[in-house]
Amino acid sequence: MGKPTGFLELERHDRPYKPVEERIKHWNEFVIPLSEDNTKSQASRCMDCGIPYCHTGCPVNNQIPDWNDLVYHGDWQRAAVNLHTTNNFPEVTGRICPAPCEAACTLNIDDVPVTIKTIECAIADRALEKGWVVPKPAEQKTGRRIAVVGSGPAGLAAAQQLARAGHDVHVYEKHARPGGLLVYGIPDFKMEKSVIANRVTQMQAEGVTFHCNVNVGKDITAQSLEDTHDALLLAIGSEKPFDFFSEAPGRDLDGLHFAMDFLPQQNRRVAGEALHPDLTETTAKDKNVIVIGGGDTGSDCIGTSFRQGAKSVTQLEIMPEPPEKENKALTWPNWPLKLRISTSQAEGAAIEYSISTTGFSGKNGTVTKLNYTRVDDKLQPIAGSEGSLDADLVLFAMGFSGPIEEGLVAELGTDPVARGRFKGLNANEVDYKLPGTRARFVAGDVRRGQSLVVWAIREGRQAAHAIDKFLMGTTNLPR
């Protein structure tokens, strides 16, 4: 490494945030990048640890010590080349990935891991600013035509890899813009959508054709795509939300919404895009908002509600409050269960743990109260702990059960199969091909269940490898 004693001499410093009172007034990103000198200093903290567990902590297996060393020596362009060999969209993961690589960092044994995510984002942003990220069209075309259904991170990664291998790639997206939940789910204050638009422009120059506002299974049949393409990749995500309260009292009241009916509306407003005609316009302005679910989607609902002008925001989590510090001997280098306060939660949300919603009450057909009971460590109700909270808007952010089964999935006759809490499509991680089909492949959340963006990128890259090998007999695309 460039500075073997860096981790001994320098403390960890990460990117700061703009003040809460300032950032909740707009929809722009609020993370303040480190200076070039500070980024280089942080990169020097990467230790020559012998076995870089960060490699396995990262689903796309980024060569983290290599580009840390390059950044420390000021060779940013080579660092960018190295980073892009494993990750198609590092400016995305540098913004929204929870950084399992840092949890696996050897220095995390002392709770001071290398600021891997910050350095990754700095490399990616500098590469874009300097014009080092350029289209890489294939020198030779294969004459093979591939349809990719879904333009989330899995579909985008697969499409880019396949186009660079020389295939004619057509991506079908049901919304007005490519990007899937990167565009319509993740709020702009976490990632501005120009980040995705830049990559779409690059991919178009590489030969990828995007067909937006086309809902495969409704506007066009999947069979027609199979008949006109040499391979079909399904990367349609896992968008069917869990609804644990379908039988709960008051479930039919107005003011109860799934998170993914709420979040895309605001993304469309920011972009100046028309709201979906089938959905009732929803806003948190001047309302007591309750978010049920303690994950990233719930956190996104919190930040969005504050920026819309909510009167109050409360987040409910049925699980007990995690410990502030994990047991390193039991968890490292795996992702630990410990207390994490997101930037949105830090903007003023009240967080309640070990609480279970029992129903809803209202007036004139609209919700006014959420009814609850406290639960013990086995999630069983505690007698006498019942209560209620003021609620003008309740958002369900309890995860996703699998793909939307009508439309495409129903037409193909592909039965979802149970995968723990989730449902996926029965393709394996070796060739990503659906059994019993001619050339039908599956990747991303629809295959493995709801997961991280970085896992979707990995899935897309590996599916591209499998498709190229299937069509050509051999492949140079990396897995």
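This is a predicted model: local features need pLDDT of at least 70, side-chain atom pairs count only at pLDDT 80 or more; totals for chains, interfaces and linings use all residues.
Me: Which residues of helix 14 are called buried, and what covers them?

Reply: A residue is called buried under 20% relative accessible area, exposed over 50%, and partly exposed in between (1.4 Å probe, protein chains only). In helix 14 the buried residues are A259, F262, L263, P264, Q265, Q266, N267 and R268. Their cover includes helix 11, strand 6 (256-258), helix 15 (296-308) and strand 13.

Me: Why are the buried residues of helix 12 said to line one face of the helix?

Reply: The buried residues of helix 12 are V195, I196, R199, V200, Q202 and M203. Seen down the helix axis, they fall within an arc of 160° (the arc of the directions from the axis to the C-beta atoms), and therefore they line one face. An α-helix has 3.6 residues a turn, so residues three or four places apart point the same way. The elements against which the buried residues of helix 12 pack are helix 6, helix 7 (90-96), helix 10 (153-164), helix 11 (181-184) and strand 3 (209-211). Helix 12 (residues 194-205) has 12 residues and reaches 17 Å from its first C-alpha to its last, close to the expected 16 Å; G207, which follows the helix, has a positive phi near 110°.

Me: What makes helix 6 and helix 9 roughly perpendicular to each other?

Reply: The axes of helix 6 (residues 76-84) and helix 9 (residues 116-129) come within 9 Å and cross at roughly 105°. Axes are lines fitted to C-alpha atoms, for helices over the stretch in contact, and angles run from 0 to 180 degrees between N-to-C directions. Angles under 35 degrees count as roughly parallel, over 145 as roughly antiparallel, 65 to 115 as roughly perpendicular and the rest as oblique. The crossing angle falls in the perpendicular range, and therefore the two helices are called roughly perpendicular.

Me: Which residues make the contact between helix 6 and helix 9?

Reply: Contact means heavy atoms within 4.5 Å. On this basis W76, A79, A80, L83 and H84 of helix 6 meet E120, A122, I123, A124, R126 and A127 of helix 9.

Me: Which residues of helix 5 are buried, and what covers them?

Reply: In helix 5 (residues 64-72), the buried residues are I64, P65, W67, N68, L70 and V71, and their cover includes helix 3 (36-43), helix 4 (53-57), helix 6, helix 8 (100-104) and helix 9. Just after helix 5, G74 takes a positive phi of about 80°.

Me: What makes D377 exposed or buried?

Reply: D377, in the loop between strand 11 (366-374) and strand 12, has 65% relative accessibility and therefore counts as exposed. In the loop between strand 11 and strand 12 lies also L379, which at 33% counts as partly exposed and whose phi near 65° is positive although the residue is not glycine.

Me: How do you know whether Y432 is buried or exposed?

Reply: Y432 has 0% relative accessibility and therefore counts as buried. Its phi, near 60°, is positive in a residue other than glycine, and its place is the loop between strand 16 (422-424) and strand 17 (440-442).

Me: With which residues is D392 in contact, leaving aside its neighbours within four places in sequence?

Reply: D392 is in contact with G255, K287, N288 and V367. At a relative accessible area of 26%, D392 counts as partly exposed.

Definitions and conventions
Residues are numbered from 1 along each chain as its sequence is written. Side-chain values use heavy atoms; hydrogens and water are left out. Helices (H or I, at least four residues) and strands (E, at least two) are DSSP runs, numbered from the N terminus. The expected span of a helix is 1.5 Å times one less than its number of residues.
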